[in-house]
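Here's a walk through one model, starting at a single side chain and then stepping back to the whole chain. Have the sequence and the 3D view open as you read.

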Amino acid sequence: MLRIVFFAFRTDLNVVQWYERRESVLTIKCEYRFIMRKMAEKNKDTIQEKTEKEKIEVSCEMEVTLKIIGGKWKLLIIHYLLDEGPKRYNEILRFLKTAHKKTLTAQLRELEEDGIISRTVYPTVPPQVEYAMTDHGRTLQPIVELMCDWGYENAGDKYIMTNAYCTDD
């Protein structure tokens, strides 16, 4: 008795049909090749779209700065790396205390993508990753210092600082 099982699954390209018998698997090769070719083309298009960055529309120069350093943890990451030098991922995570790993990873990737920090992976087991400020990122130091000074001077009685990094010079 021959037992034939029919499998079909839908992709956005076409329906692939698989027929299975006891000893051998028969596939419709031309459909399979067509689908694999289309999937490869689709992946290639997606990769090209990611590499060809679209320009982001902004209203003014200040918005560019806010897009780059705006984020829940970005300024603290920048300040920490400027003051302390290159740091590993877990050191940054410990410094931020309440940051979630997913959020920190996203913020670090955005800063790296914008050329503010560099990411160095050392070939160890487990892999060691170190983050450092780039020369382009160091140009943010005056802005960070001014923001730090302004916050220190205007904190008043409304805020309680748990980790005061700015000092009155």
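How many Å from a polar atom of the lysine 74 side chain does the backbone oxygen of isoleucine 68 lie? The distance is 3.4 Å. A polar contact here is a pair of N or O atoms within 3.5 Å; within protein, one must be able to donate a hydrogen and the other to accept it, and residues adjacent in sequence count only if both atoms are side-chain atoms. The lysine 74 side chain also makes a polar contact, at 2.7 Å, with the side chain of glutamate 110.

Before going on, keep in mind that this is a predicted model, where local features need pLDDT of at least 70 and side-chain atom pairs count only at pLDDT 80 or more, while totals for chains, interfaces and linings use all residues. Residues are numbered from 1 along each chain as its sequence is written, and side-chain values use heavy atoms, with hydrogens and water left out.

Back to lysine 74: it sits in helix 3, residues 74-84 (helices are DSSP runs of H or I, at least four residues, and strands are runs of E, at least two, numbered from the N terminus). Lysine 74 counts as buried because its relative accessibility is 2%, and buried means under 20% relative accessible area with a 1.4 Å probe, protein chains only. Leaving out residues up to four places away in sequence, lysine 74 touches Lys67, Ile68, Ile69, Gln107, Glu110 and Leu111 (contact means heavy atoms within 4.5 Å).

Now zoom out. The protein chain has 7 helices and 6 strands, running β-β-β-α-α-α-β-α-α-β-β-α-α from the N terminus. Of its 169 residues, 22% are buried.

Methods:
Buried means under 20% relative accessible area, exposed over 50%, partly exposed in between (1.4 Å probe, protein chains only).
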